[in-house]
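Thank you for asking me to look over this chain before our discussion. Below the display I have set out my reading as numbered points.

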Amino acid sequence: MSVARIRRWKVWAAVSAAVVGLALPTLTAAPAAATTNAYDTTYYKNAVGKTGTSLKSALHTIISSQSKISYDAVWNALKVTDQDPNNTNNVILLYSGVSRSKSLSGGDVGDWNREHVWAQSHGSFGTSAGPGTDLHHLRACDVQVNSIRGNKDWDFGGSAVSGASGSYTDSNSFEPRNADKGDVARMILYMAVRYEGDDAWADLEPNESTTNGSVPWHGRLSVLKQWNEQDPPSAFEERRNDIIFNSYQGNRNPFIDHPEWVEAIW
Ligand SMILES: [Ca+2]
Ligand SMILES: [Ca+2]
């Protein structure tokens with residue numbers, strides 16, 4: 001951590017403590033450092049400085065202003081958002097990091113398809129324009145790996161996933177490879193803030209269960225918080241957020257811009 005980042009974290013921590021009138025907490029694990037972002041005085045101006053439910057509510061209002069695309073349009077969008085930075089003919093696949101030709105989109109073995117990181121059965125939102133087509137949680141993924149992940153909740157452990165080196169699964173949960181752990185956490189928590197049950201869709205929320213089935217919840221929150229700390233936003237993730245904002249939906253994933261907001265809310 002740079003001196004500047006440490007200084008910003010200390011200032012943020014001191015201001016936060018002063019605002020809520022509490023002593024500084026004892027830090028048992030290194031928290032995500034408070035970050036500054038180019039959008040703090042514009043896009044996020046009504047959220048900066050808030051914590052807890054007031055931060056979640058402010059972010060919900062901000063990110064709910066968006067355009068929606070069709071499920072069919074997701075195919076071409078993923079060819080842009082998930083493009084291999086080293087090969088413009090390819091996309092990078094979630095859970096494996098494999099680089100595969102954009103032309104191999106489809107449903108056959110060896111193809112890539114559209115992975116819903118927030119499983120669409122958790123809230124039964126399907127694929128009409130809305131959460132089921134929200135690019136902030138859709139990623140290119142190997143067809144067979146996507147099938148293995150299914151609608152499982154998120155947790156550590158299990159046996160190695162064929163075709164996705166470093167990822168593990170057991171009967172009810174999936175653990176992505178280390179490089180994708182933070183991405184998954186920030187996508188799930190984006191969905192929880194974006195969808196609050198005030199529109200046509202269910203109120204999506206994280207919880208501690210790995211047996212959620214079709215309820216609109218995804219576990220395990222404590223693990224997702226750990227993954228957010230362990231795997232900070234990468235250049236790939238930040239570029240993706242910018243493309244979705246500038247070219248498709250007009251809204252941002254706040255947890256990519258401010259990973260410390262995960263701890264500020266949960
Ligand atoms: Ca990552
Ligand atoms: Ca919610």
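The points go from the chain as a whole to its sheet, its helices and cores, and then to some backbone details.

1. Please keep in mind throughout that this is a predicted model. The chain has 266 residues, of which 41% count as buried, and its secondary structure comes to nine helices and eleven strands. Among contacts with a separation of 6 or more, 59% are between residues 24 or more positions apart.

2. One open sheet is made of three strands, which pair in the antiparallel sense and follow the order 1-2-3. Strand 1 (83–84) and strand 3 (99–101) are its edge strands, each of them pairing on one side only. Between strand 1 and strand 2 there are two bridges, whereas strand 2 (residues 87–92) is joined to strand 3 by three. As for individual partners, Gln83 is bridged to Val91 in strand 2, and Asn90 stands opposite Ser101 in strand 3.

3. The connections in this sheet deserve a look of their own. Strand 1 and strand 2 form a hairpin with two residues between them, and Pro85 is in the loop that links these strands. Is Pro85 buried or exposed? Pro85 counts as exposed, because it has 11 C-beta neighbours inside 10 Å and the cut-off for an exposed residue is 12 or fewer. Pro85 also lies 10.0 Å from Arg239, C-alpha to C-alpha, although 154 residues separate the two in sequence.

4. Helix 3 (residues 71–81) has two contrasting sides. Val74, Ala77, Leu78 and Thr81 are the buried residues in question, and since they fall within an arc of 105 degrees when seen down the helix axis, they line one face of helix 3. The face turned away from that buried side carries Asp72 and Asn76, which are exposed. Strand 2, strand 4, strand 5 and helix 7 (235–248) are included in what covers the buried residues of helix 3.

5. The largest nonpolar core has 31 residues, and those with the most contacts inside it are Trp118, Val184, Met187, Ile188, Leu189, Met191 and Leu224. At least two residues of this core come from each of helix 2 (52–63), helix 5 (178–194), helix 6, helix 8 (254–257) and helix 9 (261–265). Which helix gives the most to this core? It is helix 5, with nine residues. Apart from this core lies another one, of 18 residues, which includes Val91, Trp112, Val161 and Ile244.

6. Helix 5 can also be considered by itself. Its 17 residues reach 25 Å from the first C-alpha to the last, which is close to the 24 Å expected at 1.5 Å a residue. Because 15 of these 17 residues are buried, helix 5 is largely enclosed by the rest of the structure. For Met191, if its neighbours within four places in sequence are left aside, the contacts are with Trp118, Pro131, His137 and Leu204.

7. Most residues other than glycine have a negative phi, and most peptide bonds are trans. Tyr95, however, takes a positive phi near 75 degrees in the hairpin of strand 2 and strand 3, where six residues lie between the strands. Ser124 likewise is not a glycine and has a positive phi, of about 50 degrees; its place is in the loop between strand 4 (112–116) and strand 5 (138–142).

8. What are the surroundings of these two residues? Tyr95 has 29 C-beta neighbours inside 10 Å and therefore counts as buried, the cut-off for a buried residue being 20 or more. Ser124 has 12 such neighbours inside 10 Å, so Ser124 counts as exposed.

9. A last detail concerns a peptide bond. Gly219 and Arg220 are joined by a cis peptide bond, with omega about -10 degrees. Arg220 is placed in the loop between strand 11 (217–218) and helix 6 (221–230), and helix 6 is one of the helices that supply at least two residues of the core of 31 residues.

Conventions:
Residues numbered from 1 in each chain as written. Chains lettered and ligands numbered in written order. Predicted model: local features only at pLDDT ≥ 70, side-chain atom pairs only at ≥ 80, totals over all residues. Helix = DSSP H or I, 4+ residues; strand = E, 2+ residues; numbered from the N terminus. Contact = placed C-beta atoms within 7 Å. Pairing = 2+ DSSP bridges. Core = buried A, V, L, I, M, F, W, Y, C linked by C-beta atoms within 7 Å. Expected span 1.5 Å × (residues − 1). Arc of directions from axis to C-beta.
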